[in-house]
Amino acid sequence: MIKSAICEILGIKYPVFQGGMAWIADGKLAAAVSNGGGLGIIAAGNAPGEYVKEQIKIARSLTEKPIGVNIMLLSPYADDIARIVVEEKVEVVTTGAGNPSQYIKEWINAGIKVIPVVASVAMAKLMTKLGASALIAEGGESGGHIGELTTMVLVPQICDATNLPVIAAGGIADGRGFAASFMLGAQGVQIGTRFLSATECTIHPTYKEKILKATDLCTMVTGKRLGHPVRSLRTPFARDYLKAEYGGMPDDELEKFATGALRLAVKEGDTEKGCFLAGQIAAIVNKEQPAAEIIKEIMDQAEPILKRASEWVK
Ligand code: TUI
C-alpha cells in the first residue's frame, strides 16, 4: 500500500488526482475517480458558474468522497466560480493558468484546501506563504495550457522551494510515471490524458479513439506567440493554427480562430476544426477501462517498482 501525506490531508485512499480538463472533467468523471480512491476534479474551464454548480450536484449525487474543482484563472467567470466553490463547500480547489492570490484567503477561511498549479519556483514560494495545502508541479509534457519547464526539471525544484507536499503532473499515465514522480520528491501525481480513456469519461467517441491510437510524436504545441502555449494532438486544426500563427495573422483574428475549438473536439469529435488537447503520454494509453480500474492498475504497477528501487543500492 502506498500512502503519502496528501492522503491524510485530503482523506483519500490513493495519492492520485484527476486533471481538471476543460469541458471533459465533469461531475460524472470526477465522482468515478473519487469513488476509485483518488481525487476527482471538476473542471470549470471557460464555462459559466451554472455549469459548475450543476456538475458539483451531479458529483455529489454519485459519491460521498471528497471532490475538487479546478478554476482556470483566464476564464471570464473565474470570480463567480471562486464564490461558488465556497457556497457549495467543495473540499479542494485547484487552480491553473494564473495566479490565484486574490482568492486564497477566502477559500482557506471557508475550510477549502487550496492546491494551485505552479509553473515556477517563485510561484511555489508565494503559494506556500499564502497558505496552500499542497502544490501541483505541472510540466510541459501535459496536454492543454503548459508552462516552460518539463516535469523532470520542475518537480525537484518545486520540492526544494516548499515544505508542502508536491503533486507531479505532466507525462504520467502508469505506475512507472507514478514511481518516477516519487523519486523526484513528489508525494502524489495528477493524471489527465489517461483518464480520457475512462469508461466514465463522456468525450466524443472520436476523441477517445484518437487518444487510444496516438503514437509517440502525435502532439504539438501551438499558441506560443500569444503567450498561451497549448499542447494538443497534431490535427488539421493544430497545423492550420500554427500556419496562421507564424504566417502573420493578427492577434485578435488568431484568438477568434481558436474560439470554440475545444468544445468542437469534446462534444462533436470534429476532426477538422476541433482542438484535441492531449499530453505527450497519450501514446501509452491504449485501452478503455473504468476510472477505478485505471487507478488500481497504476498503484499495483508502482508498488513493486518502488520496492525494487532499493536493489540499485549495493
Ligand atoms: O491550466 C492548465 N491547463 C489548461 S487550461 C486550458 S483552457 C485554456 N483556455 C484558453 C487559453 C489557455 C487555456 C487548457 N489546459 N494547466 C495548469 C497550468 N497552469 N499550466 C501552467 C500554469 C500556470 C502558468 C502560469 C500557472 C501559473 C502561472 O502563473 C503565471 C503568473 O501569473 O505568474
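Is Gln190 buried or exposed? I started with this residue, and Gln190 turns out to be buried, because its relative accessible area is 9%. (Buried means under 20% relative accessible area, exposed means over 50%, and partly exposed is in between, with a 1.4 Å probe and protein chains only.)

**Ground rules**

I noted that this is a predicted model, where local features need pLDDT of at least 70, side-chain atom pairs count only at pLDDT 80 or more, and totals for chains, interfaces and linings use all residues. Residues are numbered from 1 along each chain as its sequence is written, and side-chain values use heavy atoms, with hydrogens and water left out.

**Entry 1: around Gln190**

I found Gln190 in strand E9 (residues 188-191). Helices (H or I, at least four residues) and strands (E, at least two) are DSSP runs, numbered from the N terminus. Next I listed what Gln190 touches, leaving aside neighbours within four places in sequence: Phe17, Gln18, Gly19, Ile41, Ile136, Glu138, Ile167, Ala168, Ala169 and Gly170. Contact here means heavy atoms within 4.5 Å.

**Entry 2: the sheet**

I then looked up the sheet. Eight strands form an open sheet with parallel pairing, and I wrote down the order as E1-E9-E8-E6-E5-E4-E3-E2. Two strands pair if DSSP finds at least two bridges between them. Which strands stand at the edges? They are E1 (16-18) and E2 (40-43); each has a single partner strand, so one side of each has no neighbour in the sheet. From one strand to the next, the twist averages 25°.

I also checked what lies over this sheet. Helix H2 (residues 27-35) lies across E1, E2 and strand E3 (67-72), and runs at about 165° to E2. For the angles, axes are lines fitted to C-alpha atoms, for helices over the stretch in contact, and angles run from 0 to 180 degrees between N-to-C directions.

**Entry 3: E6 and its partners**

How many bridges join strand E6 to strand E8? I got four, between E6 (residues 135-138) and E8 (residues 166-169), and the two strands run parallel. Ile136 has Ile167 of E8 as its bridge partner. I looked at strand E5 (residues 113-118) too, and E5 pairs with E6 in the parallel sense over two bridges. There, Val118 has Ala137 of E6 as its bridge partner.

Which way do the E6 residues point? Leu135 and Ala137 point one way, Ile136 and Glu138 point the other way, and all are buried.

**Entry 4: Ile167**

Ile167 is buried, because its relative accessible area is 0%. Leaving aside neighbours within four places in sequence, I found Ile167 in contact with Ile6, Phe17, Leu135, Ile136, Ala137, Gly188, Val189 and Gln190. I also checked Ile167 against Phe237: they are 70 residues apart in sequence and 32 Å apart in space, C-alpha to C-alpha.

**Entry 5: helix pairs**

Two packed helices are described by the angle between their axes and the distance between the axes.

I took helix H3 (residues 49-62) and helix H4 (residues 78-87), whose axes come within 9 Å and cross at roughly 25°. Therefore H3 counts as roughly parallel to H4. (Angles under 35 degrees are roughly parallel, over 145 roughly antiparallel, 65 to 115 roughly perpendicular, and the rest oblique.) H3 and H4 make a right-handed crossing. A crossing is right-handed if the near helix is turned clockwise from the far one by less than a right angle, and left-handed if anticlockwise. Gly49, Val52, Lys53 and Ile56 of H3 meet Ile81, Ile84 and Glu87 of H4. I sorted the residues of this contact into four nonpolar, one polar and two charged. (Ala, Val, Leu, Ile, Met, Phe, Trp, Tyr, Cys and Pro count as nonpolar, Asp, Glu, Lys and Arg as charged, and the others, Gly among them, as polar.)

Next came helix H5 (residues 101-109) and helix H6 (residues 121-130), which pack at about 30° with axes 10 Å apart. Ser101, Ile104 and Ile108 of H5 touch Leu126, Met127 and Leu130 of H6.

**Entry 6: Ser232**

Last, I looked up Ser232 in strand E11 (residues 230-233). Ser232 counts as buried, because its relative accessibility is 1%.
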